[in-house]
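Here's a walk through this model, from the overall confidence down to a few individual strands. Have the viewer open while you read.

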Amino acid sequence: MAEIVVKYDDKVIEKVVIYKRRVSIGRTAENDIILENRGVSRKHAIIEFNESGAVIIDNESLNGTFLNDRRVTEEMIRDQDMITIGKYHLLFHNSAEETHDEESDYDGTMILNTKKQKQRLKRNDQDKDIVRRAGSSVLVGEDNSDFKEYALEREVTTVGKAKFVHIKVKGFFLSGIQAKIVKEGAVFSIINIGRKGKTMVNGEPVQSSLLRNGDLISVGRSTFRFVEASR
Amino acid sequence: MIIAFISDVHANLEALQVTLADIEKQHVDRIHFLGDAVGYGPEPNPCVELIAANCDIKLLGNHDFAALGLETPDSFNEIARVSMEWTLKELSARSTTAMADFELEAIDGDFYMTHASPRTPDLWEYILDIDSACSQFEHFEQQVAFVGHSHLPAFFCKRADDTISQRYITESELDPDSRYIINVGSVGQPRDHDPRACYVTVDTKNNIIRYHRVEYDISKAIASIDSHGLPQILGERLLVGR
């Protein structure tokens, strides 16, 4: 069974437990999840459940559907994924899966023109360029990084202080190989190998964590942003 | 100064303990470990702990790489793969953290060290004969490269006139005008038909290199292999040193 927590301005406004195989999201009353805001299309997106999981499908909406801050048209979604529609955040909890549906066209939807939405769209476009150029998911150097962009092409990318690791990081008391980023199919995860507490994802120390688009990875004092190519 | 070099312990605790005790008798100043702490054998955690506590330079071998999940054991033979799967389950977080500080290559004065080959330390080439040795000399600057990996003691000498020879020695004086690649053999799984644990010391004052062979209780190592459900052949090969 799946659950969607709908947040607006970081306040939880609704929790939806899903029993259907197809869940519609949009501004108007016929939707399963109603987001009453002019930035949301009447039929904005759907979440569809199939054998392999849940899929979010954007219904050519005007302002777009974002999965973990990346604009998507149709993507698999997983537990803890964050769907953003207009000013709404929909946090997906899975023991099944979820989908959104909306319609986009010019159906009376107000064009979102907030600073945040603009930034999101701009970064989304930049990120698309980055992964297109790299031909793979990418780490973007944010702080104390030796590189601007690093293509994650290997099955295992090592991170640490040793001379031989792929990604060198800065900081005290780090292990030679502090962490590894493992690619399985199109899915990436980071696993801490060295001393505990030195690998963080979005500010939280992790031993092992699946990576999602936009995740901020810190190893020691170095920080990278994970930009995911389409799953 | 006397430096001891050990390699390819492969989780054979019996062999490692006896070897370290023997090294202690030589009054060495430093012990360097050339990789493959784990894989094959039944005692990976105590072996990693002993190596971390006793060795100055500690290197990673191909089995250690696989044990840290840095590469898949695809290139391993069936027995190595089965024991690596067992090792992956057995290895403690503490051991993993310790091994995360091991290096791929290192230098101590005139000595270069890596597990397999100076040319490509992470591709695990074997240096088995003059042919495979001759192309390696240009990939390190020091006088001597110490390696492991093949489990076969080997001594390659490149003289000032560029001739390269392979000699079978137990002791030799290092000529200051020559360069060397020295395979220090294996502590935990010798393959030169001598089942005794093997290690090397270098006396830097007199430029003398020595191979040491140490007997240990192989039956204990075999009992441990059996009790941990590892393939029987891993014990059998210890008895005959191959």
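## Ground rules

A residue counts as buried if 20 or more other C-beta atoms lie within 10 Å of its own, as exposed if 12 or fewer do, and as partly exposed in between, with C-beta atoms placed from the backbone. Helices (H or I, at least four residues) and strands (E, at least two) are DSSP runs, numbered from the N terminus.

This is a predicted model, where local features need pLDDT of at least 70, side-chain atom pairs count only at pLDDT 80 or more, and totals for chains, interfaces and linings use all residues. Residues are numbered from 1 along each chain as its sequence is written, while chains are lettered from A and ligands numbered from 1 in the order in which they are written.

## Confidence

The complex gets an ipTM of 0.82 and a pTM of 0.75 from the predictor.

## Strand 7 of chain B

Strand 7 of chain B covers residues 154-158, and four of these five residues are buried, so the strand is largely enclosed by the rest of the structure. Pairing here means that DSSP finds at least two bridges between two strands. On one hand, strand 7 of chain B runs antiparallel to strand 10 (residues 179-183) of chain B, joined by five bridges. On the other, strand 7 of chain B pairs with strand 8 (residues 164-167) of chain B, again antiparallel, over four bridges.

Strands 7 and 8 of chain B make a hairpin with five residues between them, and B:D162 in the turn has a positive phi of about 75°.

## Cores and a buried valine

A nonpolar core is a set of buried Ala, Val, Leu, Ile, Met, Phe, Trp, Tyr and Cys residues joined through C-beta atoms within 7 Å. The largest one has 96 residues, and those touching the most other members are B:F5, B:I6, B:L34, B:C47, B:F146, B:I182 and B:Y199. Apart from it lies another core of 24 residues, including A:V40 and A:I85.

Contact means that the C-beta atoms of two residues, placed from the backbone, lie within 7 Å. Not counting residues up to four places away in sequence, B:C47 touches B:V9, B:A11, B:L13, B:L16, B:A37 and B:V38. Then there's B:V202, found in strand 11 (residues 197-203) of chain B. B:V202 is buried, with 24 other C-beta atoms within 10 Å. Leaving aside neighbours within four places in sequence, B:V202 is in contact with B:I3 and B:I209.

## Chain A

Chain A has one helix and 23 strands. Its C-alpha atoms fill a box of roughly 60 × 35 × 30 Å along the principal axes, and buried residues make up 46% of its 231 residues.

Six strands of chain A form an open antiparallel sheet in the order 2-1-11-10-7-8. At the edges stand strand 2 (11-18) and strand 8 (70-72) of chain A, each with a single partner strand, so one side of each is left without a neighbour in the sheet. Strand 1 (residues 2-8) of chain A runs antiparallel to strand 2 of chain A, with seven bridges joining them. In that pairing, A:V6 has A:E14 in strand 2 of chain A as its bridge partner.
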